[in-house]
Amino acid sequence: MAKQKIVIKVEMSCDKCRSKAMALVAATGGVDSVALAGDGKDQVVVVGDGVDSIKLTAALRKKVGHATLVTVGEVKKEEKKPEPAAVVEYPWSYHPYTFAPPAQHVVYQYPASSWSIF
């Protein structure tokens, strides 16, 4: 049997009601996951294998409040697309040959002196 996704709309006015509904659904046999959906978090989404949606809706009506079965369908397997190979770009750098700067010659000129050897 394939996994099925069941959406049940339940009138839940407070967080206590939501947690009660979640606990009731999670305790049901064959349930794999439970989540809240909808604008006001008033829908219970159940994913499982071999879950009786009618009995689950009746149990929610009895324990929590008015419940309506919205949809029952098979879980669509998400097609995993292979991720494209990561393209690694290396920054282009240029390392020119470096030469030592030309040697500098210091020419020192002696100041003209008043001494004279003649």
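**Exercise 1.** Work out whether Asp 32 is buried, partly exposed or exposed, then find its salt-bridge partner.

*Solution.* Start with the cut-offs: buried means under 20% relative accessible area, exposed over 50%, and partly exposed is in between (1.4 Å probe, protein chains only). Asp 32 has a relative accessible area of 46%, so it's partly exposed. A quick note before we go on: this is a predicted model, where local features need pLDDT of at least 70, side-chain atom pairs count only at pLDDT 80 or more, and totals for chains, interfaces and linings use all residues. Residues are numbered from 1 along each chain as its sequence is written, and side-chain values use heavy atoms, with hydrogens and water left out.

Next, the partner. A salt bridge needs a side-chain nitrogen of Lys or Arg within 4 Å of a carboxyl oxygen of Asp or Glu. For Asp 32 that's Lys 3, at 3.0 Å from N to O. Asp 32 lies in strand β2 and Lys 3 in the segment before β1, so the pair ties together parts that are 29 residues apart in sequence. (Strands are DSSP runs of E, at least two residues; helices are runs of H or I, at least four; both are numbered from the N terminus.) Lys 3 is partly exposed too, at 44%.

**Exercise 2.** The structure holds 3 salt bridges. Describe the one between Arg 18 and Asp 15.

*Solution.* First, the distance: the closest N and O atoms are 3.1 Å apart. Second, the location: both residues sit in helix α1, 3 residues apart, so about one helical turn separates them.

**Exercise 3.** Describe how strands β2 and β3 pair up, and find the partner of Val 34.

*Solution.* Two strands pair if DSSP finds at least two bridges between them. Here 6 bridges join β2 (residues 31-37) to β3 (residues 43-48), and the strands run antiparallel. Val 34 has Val 46 in β3 as its bridge partner. Now look at the hairpin: 5 residues lie between the strands, and Gly 38 takes a positive phi near 95°.

**Exercise 4.** List the residues that Val 10 is in contact with, leaving aside neighbours within four places in sequence.

*Solution.* Contact means heavy atoms within 4.5 Å. Going along the chain, you get Asp 42, Val 44, Leu 60, Val 64, His 66 and Ala 67.
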